[in-house]
Amino acid sequence: MENGIDSTHAFYHFCKSALEDIEQQGRYRRFTPLSRQSSSYPLYESNNTLPSNKPVVVWSSNDYLGMGVEPEVINAAIVAVKNYGAGAGGTRNIAGTHPLHLELEAELADLHNKEAGLIFVCGYLSNQTSLQTILNSMNGNWIVFSDRLNHASMIAGIKGSRKSSCIIFEHNDLEDLEKKLATAPKDAQKLIAFESVYSMDGDIADLRGMCALARKYNALTYLDEVHAVGLYGNQGGGVSERDNVADQIDIIEGTLAKGFGVHGGYVTAKKAIIEYLRLAASGFIFTTSLPPSIAAACLTSVKLVRKQQWRRDKLFERVRTFQRKLRKANISFMQTESHIVPVMIRDAELCKEISDRLLKEYALYATPINYPTVPKGTERLRLTPNPFHTDEMMDDMVNALKTLL
């Protein structure tokens with residue numbers, strides 16, 4: 001062509017070819033239309049997409065405690081919408097900071113025994129923006145040590161740093177981490193980035209060991225507690241609270257969308273660190289803030305979860321009961337100490353087929369987890385029993401899996 005390649009045409013055909021390749025690999029992801037019913041969680045309406053049109057029991061929700069359907073939480077959102085409107089109206093610098101934002105941040109800081117907190121519109125952004133901002137500070141000459149299985153949001157934040165270098169250590173391997181820390185220059189600015197509960201395998205990091213290495217090698221610690229807040233510790237402060245090491249971790253990041261059942265992300269740390277992020281993190285500065293109604297629902301949820309230990313007790317009773325039923329039926333699953341129950345399939349097409357059949361034949365919804373979320377050959381159904389899954393629901397899932405596996 002006279003003026004070179006037709007970029008629009010080329011990109012269109014690239015997309016078509018990529019989609020065909022994804023389809024052939026058995027990992028084409030299609031949305032399943034389901035509507036959660038607040039009065040009957042974890043039952044969802046199938047929106048006339050199933051032959052039987054019967055309610056679907058969902059087994060893969062991250063609303064681990066069902067706080068998203070808690071009447072007090074719902075009512076807090078309704079009252080706030082009526083009083084303050086549906087949206088926030090802009091960023092916190094433009095539209096003003098609502099008192100509910102400040103109260104929620106103070107509650108989260110207190111939850112993690114930190115001086116201050118900062119809320120973001122989602123957990124992905126709180127990780128990406130915070131890590132990127134930290135690693136671009138102090139001339140950007142950081143060395144970040146990142147667990148191999150860290151979440152995509154953490155990886156995005158690390159990659160967003162202009163000058164910092166990244167060293168990957170093997171998953172939850174303190175020996176490998178120390179070996180790599182020992183090779184770094186003693187005067188280098190070091191940060192260790194890790195999670196507490198890893199959401200796909202359901203394993204839990206040795207936080208005390210991580211903190212010991214950080215002290216030994218003078219490294220800043222950044223902990224993602226997304227899949228742990230609300231569920232672990234006496235008040236739901238996460239694994240760091242459970243293991244009594246929150247005071248040894250510099251920055252604790254979490255979400256309001258999983259254990260707390262609403263929406264949003266946050267970081268907590270010393271006040272100076274939070275103030276720096278508030279004034280320097282572009283992903284915070286230039287993003288419309290959480291609506292007051294969401295902040296109100298989050299605040300109510302956090303307060304309830306902190307004081308109601310029975311919610312955590314019920315969750316883990318249900319998890320242990322489900323695991324016993326799986327073992328009795330000789331269904332293989334990854335045994336972990338967390339609330340996540342991965343049933344391994346190890347084949348992308350088969351994983352998708354089993355998930356489809358569970359939905360269409362048994363009205364059971366379990367999301368197939370395939371590459372790139374997990375490595376090829378480790379495909380699985382990631383099941384998350386919650387306090388609302390009855391014994392009958394568990395028996396239905398176990399019997400269906402016995403038939404299909």
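## Largest cavity

The lining of the largest cavity is made up of 5 nonpolar, 5 polar and 1 charged residues. Here Ala, Val, Leu, Ile, Met, Phe, Trp, Tyr, Cys and Pro count as nonpolar, Asp, Glu, Lys and Arg as charged, and the others, Gly among them, as polar. This is a predicted model, in which local features need pLDDT of at least 70 and side-chain atom pairs pLDDT 80 or more, while totals for chains, interfaces and linings use all residues. Residues are numbered from 1 along each chain as its sequence is written, and side-chain values use heavy atoms, without hydrogens and water.

The largest cavity holds about 80 Å³ of space. Its lining residues include Arg 92, His 101, Phe 120, Phe 284 and Leu 290. On a 1 Å grid over the protein atoms alone, a cavity is a set of points where a 1.4 Å probe fits but cannot get out; a pocket is an open set with protein on both sides within 12 Å along at least five of seven lines, and lining residues have an atom within 4 Å of a point.

## Second largest pocket

The second largest pocket has a volume of about 170 Å³. It is lined by 15 residues, of which Lys 114, Asp 247, Ile 249, Asp 250 and Lys 270 are the closest to its centre. By class, 7 are nonpolar, 2 polar and 6 charged. The largest share of the lining, 3 residues, is from α7.

## Thr 268

Thr 268 is part of strand β10 (residues 265-269). Its relative accessibility is 0%, so Thr 268 counts as buried (under 20% relative accessible area; exposed is over 50%, with a 1.4 Å probe and protein chains only). Beyond its neighbours within four places in sequence, Thr 268 has contacts with residues including Lys 114 and Asp 250 (heavy atoms within 4.5 Å).

## Helix α6

Helix α6 spans residues 174-183, and its buried residues are Asp 176, Leu 177 and Leu 181. Viewed down the axis, these buried residues fall within an arc of 135 degrees, so they line one face of the helix; the arc is taken from the directions from the helix axis to the C-beta atoms. Glu 175, Lys 179 and Thr 183, on the other side of α6, are exposed.

The buried residues pack against β5 (142-147), β6 (165-169), β7 (189-195) and α7 (207-216). Helices (H or I, at least four residues) and strands (E, at least two) are DSSP runs, numbered from the N terminus.

Methods
Points joined across faces, edges and corners; volume = space filled by probe spheres on them.
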